[in-house]
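Dear colleague,

I am passing on the structure below, together with some notes on what turned up when I went through it. Please have it open beside you while you read.

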Amino acid sequence: MENTITFTTVKYITLKGGSENISIYFETDGGESGFAPFDSANRHYQAILEWVAEGNTIAEAD
Amino acid sequence: MTKAAELAKMGEVLTNSQIGGRRNIVINGGMQVAQRSSSAVTGIGASDGYFTCDRWNFNTNGNSAGRLTMSQASDGPSGFANCLKLECTTADTSIAAAERFFIEQKLEGQDVQQLKKGTSDAEKITISFYVKGHDSATYTVGLYEGTSGRKIAATFPVTTSWVRQTVTFDGDTSGVIPDNNTAQLHLRFYLHAGSNYTSGTLGTSWNADGNTTQISSDGNSFFESTSATFFLTGVQLEVGSQATPFEHRSFGEELALCQRYYQQSYAHGTVAGTATNTNRVIRFVDATQSYAGHWIAFKTEMRVAATGTPYSPGTGTVNKIRSDSADHPAVFGQSATHGMHAYANNSSIGTSNGLNLHYKADAEL
């Protein structure tokens, strides 16, 4: 992948504070933030999966 | 051009099936659409991103110290109201080997099947564009195909006047492009590169030689001085060996094409995070709720389920949704290609409040 995203925060979001993960909140060192869906063709979700493959862990929801 | 030459060219165009609608595969080649910002964005250089004109990505690596300002400018050639303008604000004349930046448009595999790449019938590809700069310079334009890693490139000159440049690449009989919705063909304008990308002989025929033949070593660096500028518009990529006139499409057509990849509630050109009620999404809450929300129906079907970012219209604060007089924590939950769900996250919204929201939705390649 030739686009690089450096994450500073990555954590799950649950539906109404329950146990079902519905999206992943992220922040980047470029000042970007958002809620990424679990869609394998979404560029942010792809980057998060690569970040996880590098040994990082997605934080549990608050 | 003589009449005979004109007829010969016309015959070639007809033979290549270049007459007819929808010739230009590039989206927003005329730089009309700039949803994220129609004003200048400063300090670009440290991170990749889409900053002004839709579909045109700034891609960098190697940590160059060079910085630039990007804008949608009105200084286009005759017939073009808009162009993409780059201005160098911090020079970088000590180019490390791994440095590189380019402006690119990524194209979905399903949108370039007509190139017949990877088959014995592979079509020639012609790229045309209008360009100018602050001084005479040479840069590299190229195609990169992601699945097989194959690429091809050519140099082009820039002068202080608008000139239409044309490059025709042979069809590539290797490297079939998958018929899907992911980034497959990349059209790139390389403007700065270190030796990791320039140490080989420029690959002017399709190759999978790796990075060293990607960019010409004879080219200039955009970051060579703070007087450097680069203007681009009228970008067209079409099947065939001739550059046909630029295919002008209406603003509405281009906007809808761009919104497959990015859309926002803000008015066109308004930066996300601006405090404004214009174009906000609103509904009324009839009873106290802790998870009051909106289902946002997208203006056009997006490429994939989108990444959503909410903003308070009242303050412009990110990750907030606004009642009549206060911001509340907000999240985007379920997202689909046709819409997404935003709601106040366990924060009480009182009876008879408005629930106000701005958003951006990103399904970029």
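This is a predicted model: local features need pLDDT of at least 70, side-chain atom pairs count only at pLDDT 80 or more; totals for chains, interfaces and linings use all residues.

At the β2(B) end, 2 bridges join β2(B) to β3(B), and the two strands run antiparallel; here G49(B) stands opposite F58(B) in β3(B). The strand β3 of chain B covers residues 57–61 and also holds N59(B). Is N59(B) buried or exposed? With a relative accessible area of 1%, N59(B) is buried, because the cut-off for that term is under 20%. The C-alpha atoms of N59(B) and T182(B) are separated by 17 Å, and the two residues lie 123 residues apart along the chain.

N207(B) counts as buried at 6% relative accessibility, and its side chain makes a polar contact with the side chain of K151(B) at 2.7 Å. The side chain of N207(B) also reaches the backbone nitrogen of D209(B), at 3.1 Å. Leaving aside neighbours within four places in sequence, N207(B) is in contact with G149(B), R150(B), K151(B) and T213(B). S216(B) likewise counts as buried, at 9% relative accessibility, and its side chain reaches the backbone nitrogen of D218(B) at 3.0 Å. Not counting residues up to four places away in sequence, S216(B) touches T140(B), T155(B), T198(B) and L202(B).

Which residues of the largest nonpolar core touch the most other members? Of its 45 residues, they are L143(B), L187(B), F222(B) and F230(B). The largest share of this core, 5 residues, comes from β12(B). Apart from it lies another core, of 26 residues, among them A292(B), A306(B), Y343(B) and Y359(B). In soluble globular proteins, nonpolar side chains tend to be buried together. As for L187(B), its contacts, leaving aside neighbours within four places in sequence, include V26(B), W56(B), I103(B), I127(B), V141(B), L143(B), V235(B) and L237(B), and also E104(B) and Q105(B).

Finally, there is the contact between the two chains, which takes 32 residues from chain B and 26 residues from chain A. Between them, chain B and chain A bury about 2100 Å², of which 43% is on carbon and sulfur atoms. Y291(B), T307(B) and Q334(B) supply 21% of the area that chain B buries against chain A, more than any other three residues.

With best wishes

Technical notes. Residues are numbered from 1 along each chain as its sequence is written. Chains are lettered from A and ligands numbered from 1 in the order in which they are written. Side-chain values use heavy atoms; hydrogens and water are left out. Helices (H or I, at least four residues) and strands (E, at least two) are DSSP runs, numbered from the N terminus. Buried means under 20% relative accessible area, exposed over 50%, partly exposed in between (1.4 Å probe, protein chains only). Two strands pair if DSSP finds at least two bridges between them. A polar contact is a pair of N or O atoms within 3.5 Å; within protein, one must be able to donate a hydrogen and the other to accept it, and residues adjacent in sequence count only if both atoms are side-chain atoms. Contact means heavy atoms within 4.5 Å. A nonpolar core is a set of buried Ala, Val, Leu, Ile, Met, Phe, Trp, Tyr and Cys residues joined through side-chain atoms within 4.5 Å. Buried area is the accessible area (1.4 Å probe) that two parts lose on being put together, summed over both.
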